[in-house]
Amino acid sequence: MNNTTLTVPTVWMRGGTSKCWVFERGDLDATGLPIDDVLLRLYGSPDPRQVDGVGGATSTTSKAVILSKSSEPGVDVEYTFAQVGIDENKVDWGSNCGNCSAVVAPFALEKGWVQPQRGETLVRARNTNTGQMILQRVSTPDGQWDPQLDTTIPGVPFPGTAVGLGFVDPAGRTTGRLLPTGNAVDALPVGGAEVQATLLDAGAPLVIVSAETAGLGGVPFEGWSLEVLPELERLDAVRRAGAVAMGLAVTPEGAERAIPKLAIAGPADPSSAASERADVQIMMLSMGNPHPALAITGSVGLTIAAGTAGTVVQRALGAPAGEDLQIRTPAGTISTWRRSIDGSDVVGSTRTARVLARASLPLALPVPGTGAAPMPQEDLVPTAPFRASEEPSPLAALAEPARHSRRTVLTAVGLFAALGLGTTIFGGSLLNPAATTEDGDFAGETIQMVIPLAEGGGTDTWARFIGSEMVHYIPGTPGFAPTNEAGGEGITGSNHFATSARANGTEVLVSTASTVVPWVLGRDAVKYSFEDLTPVLVNGTGGVIYARTAAGVGDVTDLVERDKPLVFGGISATGLDLTTLVAFDLLGADTTATFGFEGRGPVNLALQRGEVDIDYTTTSSYASAVEGIAKEGKATVLMSFGQLDAGGNVVRDPNFPDVPTVAEAYEKIHGQAPSGEKFEAYKTLLGLTYTYQKGLWVPQGTPEKAVALLRDSAHAMSEDQAFNGRADKILGGYPISADETLPERVAEAYTVSDSTKHYVQRLLHDTYGITVE
Amino acid sequence: MLDSAMAALASLADPALLVMLLIGVIAGLVMGLIPGLGGTGAVAILLPVTFGMEPAPALALLIGALAVVHTSDTVSAVLLGAPGSASASVTMLDGYSMARQGQAKRALSLAFLSSMAGGVIGAIGLTLAIPLARPLVLSFASPELFMLTVLGVALAAVLSRGNVVKGLVAGMLGLLLGMVGTSPTTAEERFTFGSLFLGDGLSLVAVALGIFGLAEIASRASQRKGEEAPITVTGGWGSGIREWLTHWTQVIRGALIGIWAGVLPGVGATAGTWLAYGQAVATAKDKRKFGKGDPRGIVGPESANNSVEAGDLIPTLLFGIPGGVPSAMLLGMLLTYGIQPGPSIINDHLDLMYLIVWSFAIASVLGALFCFLTVRPLASLTKVPFAVLAAGLVAIMLLGSFQEGGQLGDLWVMLLLGVAGWVLKSTGFPRAPFLIGFVLAIPLERYYFLTDSLYNGLDWMLRPGTLVFIAILVLPILWNIFKWFRARRRLDRDDDPRLEAAGDSEAPLQNSAWSLGAAAAALAVFALSLVFSAGFSPEAKLVPQLIGWFGLILAAALVVQEVRVRRRRPAPGAAPASAATVPLAVAPAGGAAVPPAVGGDAGPAGTGPRSTAKHAATGTVSLAAPATDSASAPVAVEEPSQEPSDTRFAFKTFAWMAGFLVLTAAIGYLAAVTIFVPAFLLVVARARTKTAIIYTAVLYVVLLVLPTLLPIELPQGWLGQFVS
């Protein structure tokens, strides 16, 4: 291939309100290339600026007219109009351009294809896009072609040569009928709604909507071109729906961009100046944008529409249309006429034309050396789909892929199904061989830890830390795989573990206050029982109850005999809060409770804001939440929950050696040591929710050896100074407990007497209105 | 202070630390890309890795991930219309519109650059806000937090594209759905019908991916060809950056709102992103393009949702109160190092504070840079026929949704919500308020309840903060009512460019029997919710009843509106069809009639000619063509017609998904994928056989390998349990 530069002679002309390059068909054919490609390249398309071509980067300046002398009797000139795409690699052949039609007579006269007559010369031009005959009349007073620049039309600031354009029998050129649907007004389905429009085929196919329909009702005409902008998308959908209804396209998506055109018609503004007095005002959309002037084909259609009963234009007119019509456009008012000449319906208007330049355009296409080879450039789309110039065939899109045969589908799916099923059936046992945990080590095993709460919480952090540390103390160093099964406040995951965990020592459940309390309360949803699980290790925590100093609390004695009860901020009465509620009940504290906080942190903030008066905190968040405000004197630490010792007594918390326990507070308030049902309940809850708060458990029936190995490893870990150093903050000063006495102590702590159960249920029901189901 | 800042920066020059940061960034980006994993996925994978590390590299790792999760979660929202998080649904409004116009690259570039700036500004804000944080947090009491949640839902309802009443109804439906589960105030189970699975509430991932993701797949799976709008490839990095720079004020405003919202624990993040969008709309002169691909609708919220993460660190570090799972993870990690969050952290661990700030800033830049470099390949995803993408997307979305709760029930919920989302979308209900309502339901109830029980009467309404929020909420409504009246008087409809009658290609069933049906269904749902909630305890039914009544009134208004629209307009399709059957007889009659009679009076008669219309439609190609022919659509679902309508296709796709779930329950996820994906590709997408085989094979291998690399679990079927 070699880069050959061909040149194409052309004349640049203004016709009406458009500019077009005018070619002789023979000159284009001489390039030996498809016309679409030649035009696109000459115009510099596709490129939004058409910078490397003669296109003007707007729709009215990216046009071409291709003429040839006709040999047919009754026809002087044949011409074809081309709308050259700007940023699209596409030439639209679907419609005629009335403005550009005005260049035909001057060009034909200049070329000498038509002999000028004295007075006026008639040029019979046929547009091949539509098959439309256009009678063009130019003034030739002396029988010579000597164009005068003496006529002005709206939309063009300078005068040009007047060309009268008469359309002979313009109706139904494209679709065969003036009203393709047979209706003066159609309801077009657009986006589920309906839009009233006149569909008319005269001059060119038109979709005409009223100003109201276009969302311009009441808008002054000057504002139309601005106010229509947000409606453009919808109007284009209307236009496309019109194309479908007129049979120009099969689907709205398949409609061409330039055909049909859309016109918005409204009654003339009464307020407009006398110079702008008109019968009707029209705005056209061209290639999806407001067009300042009126395409001449459009003016023909609108003139006929004005004379057709029931159309949108006729309705806008108010009065019946006469022979002459004044149409106001954004660029000015134009006059059209409609006459019957020699039995033909002729509709016409006057345009002007002027030669702008005579040029020869170099065609910078690489062309084949021998001339016969096809398309040299790959990025130029094959022309065939877009060259349906004579008939509007908009189905340019790619076809849908074909169906596959049933055999192909069944074979492919069958093969993959076999693969998938095979993996499911055999893969499981290959990947997960049976565990051997009774042989004294966990080599090759993986400890699966079920954390029934969401990632990121305190329990989750604790569990992941303990798990990842503990595997290093287990002989054989098994892998560690924590999984969070959050749901139902921890109940779902625990239930699932209780019913389906493998009892071989490789599956471990994490427990915490939020899974223990529902079990204590005997909630229906709880399907697990800590009596049926075997503990591996437990870890406690502690906490303190503190109050807002400003609420008038100096020490524990301020809890009773109050004028105004203290407001306790809680999360949920059936969670960890329960222990605090039992403590309040035991002490006879004068409190009311508001539940529903997101967490302890927000309660702490609410206390600082003065929304609540009394709150508790666990040891791990004491430093961040309470220590500071206690030092500032804003809060008073009243008591600690204490810890249960081996004998089941409430003793001071090692992390709060100077803070009295709930039991001591009771003595201070009531002058005697606590006892009875409430105190027993408190001690049970203290054990479950603080001293033995978090635990790791294996299912019942786990081999004794495996349990012993896990527990001994945990014990070794809890004795290791290095571990305790690392775990200091996580454990919050409460050692891990995994010694031999653990099962016994846990069994005792996790035994809840019926009287405690009933007391708690009664407390929740009577004081807090909660019925445990 | 400056010394510590510089020392922290110098320490980041340590290659080991930088590598950690880089790993964190990459992990965060990957997690963010997969809808449904996001921040929580990053937690689970990175937290165990940090045990045993020194604090500095561990922090770099986690902050790296944390800073960028909201950078990459934009990708699926913009490209596929499937937001992986509630805040990404904001970016989706304009981002997805823009991508559908072939400008995916532009949308992503804007989003990534804004994310980066949001992160950097957030990091700076983190430093500067520390002294302000305490008074700020303490000045927001329950009433202010309640108003903030209300504002979040209201803004989403008003600002989403479309009819405001529909937006509010969608928001109310979302709130109601959020009420399913355990009441935050009384621990009572509501709307669970005795199911423990529902007791925990619905999973956010299932809701978000169902209502947006699956609905999008159903409505677009009929696309067997690539996107029609050409992908814009013009313009290099430079032009993207230049365009973004023109929106610099939006970036800064968005980021500041994000920090502010992040500082408030609990409700901040989601409401904050909406506030950022709201202010962008409110301060714009030309609001018409919002929701249709306005760059300002991407820039503000995207910069906000990254700075929220930085803002979120403030309460996490200063009060030990994390605003979400990712910062809870960070908190847990700090605790393992004995770093006690609290006001004293500034004095005790200033170096680590600055390390966090620097890491956050650097990670934001790195994350955006990586994403920015992948914009081109990512954007070209939209060239792939959607039906081909759909097969894998269904598999991945369902898997993502399974991860949160590990329950098959979540997947069925997701499918049902997919159908609901499709109906909402097709009938022109904005879905963003639905999701925001769902997310904010519990905080809204919580803070309303707390406000109600901690304050006397309506005292809380007089708090200055509350008054400000009430003003923000009420003034625009008054202004709009005023404008509406003025517009009525002048018959000037330009004030509301999104007229209800405006056609919307996104909502083909708008103003059809479907949308009337949807409004009626909403009415029924609210009525039923009132019936069910009547049995709750007084505390537990307070908010659900309030929502029920509000929703009932709004839904009733909507039904009236729909009925009026149907009365006013002739049944779609009837007019052209009758013309086609009796063309010549009708034409003169129609032409001679008084003009308004042509369209206006056809409505009541519409029911009669409907059947005629359908017969005519099958015979005439030109009339049968619009698949959106709304009047005949409800009928056509049952009846075979020549061209499958989009509605039929959508329901077929849902049937495929249901089949997939049945298969999963029976034979497990892996085997179900190996059947569903090739079958869908060959039968529905009509992909080439080679494509289908490679596609399935790759997916199969990924599913085999994934559970060992990431904390991902594949649903087990009955078969798997039977075998083991």
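User: What average pLDDT does chain B have in this model?

Analyst: This is a predicted model. Chain B averages a pLDDT of 75, and 77% of its residues score at least 70.

User: Where in chain B is the pLDDT below 50?

Analyst: One such stretch is residues 228–235 of chain B. Beyond near neighbours in sequence, residues 228–235 have 14 contacts in the model. Another is residues 571–644 of chain B, with 81 contacts counted in that way.

User: What scores does the predictor give the complex?

Analyst: The ipTM is 0.73 and the pTM is 0.64.

User: How do I read a pair of packed helices?

Analyst: Two numbers describe such a pair: the angle between the axes and the distance between them. Take helix H10 (residues 458–470) and helix H19 (residues 721–731), both of chain A. Their axes come within 11 Å and cross at roughly 170°. Angles over 145 degrees count as roughly antiparallel, so H10(A) is roughly antiparallel to H19(A).

User: Which residues make the contact between H10(A) and H19(A)?

Analyst: From H10(A) come A:Thr461, A:Trp462, A:Phe465, A:Ile466 and A:Glu469. H19(A) supplies A:Phe723, A:Arg726, A:Ala727, A:Ile730 and A:Leu731. By class, seven residues are nonpolar, one is polar and two are charged.

User: Now the sheets. In what order do the six strands of the open sheet in chain A lie?

Analyst: The order is S21-S20-S22-S31-S23-S32, with mixed pairing. Strand S21 (479–484) and strand S32 (736–737) of chain A are the edge strands, each pairing on one side only. Inside the sheet, strand S20 (residues 446–451) and strand S22 (residues 507–511) of chain A pair in the parallel sense over three bridges. A:Gln448 has A:Glu507 in S22(A) as its bridge partner.

User: Which helix packs on that sheet?

Analyst: Helix H20 (residues 742–749) of chain A does. H20 touches strand S23 (533–539), strand S31 (694–699) and S32 of chain A. The direction of H20 makes about 95° with that of S23(A).

User: What should I know about side chains along a strand?

Analyst: In a regular strand they alternate between the two faces of the sheet.

User: Why is strand S13 of chain A described as largely enclosed?

Analyst: Six of the seven residues of S13 (residues 261–267) are buried, so the rest of the structure largely encloses this strand.

User: Which strands pair with S13(A), and in which sense, parallel or antiparallel?

Analyst: Strand S12 (residues 204–210) of chain A runs parallel to S13(A), joined by five bridges. There, A:Val207 stands opposite A:Leu262 in S13(A). Strand S14 (residues 280–286) of chain A pairs with S13(A) in the antiparallel sense over six bridges. A:Ile264 stands opposite A:Met283 in S14(A).

Terms used. Residues are numbered from 1 along each chain as its sequence is written. Chains are lettered from A and ligands numbered from 1 in the order in which they are written. This is a predicted model: local features need pLDDT of at least 70, side-chain atom pairs count only at pLDDT 80 or more; totals for chains, interfaces and linings use all residues. Side-chain values use heavy atoms; hydrogens and water are left out. pLDDT is the predictor's confidence in each residue, from 0 to 100. Contact means heavy atoms within 4.5 Å. Axes are lines fitted to C-alpha atoms, for helices over the stretch in contact, and angles run from 0 to 180 degrees between N-to-C directions. Helices (H or I, at least four residues) and strands (E, at least two) are DSSP runs, numbered from the N terminus. Angles under 35 degrees count as roughly parallel, over 145 as roughly antiparallel, 65 to 115 as roughly perpendicular and the rest as oblique. Ala, Val, Leu, Ile, Met, Phe, Trp, Tyr, Cys and Pro count as nonpolar, Asp, Glu, Lys and Arg as charged, and the others, Gly among them, as polar. Two strands pair if DSSP finds at least two bridges between them. Buried means under 20% relative accessible area, exposed over 50%, partly exposed in between (1.4 Å probe, protein chains only).
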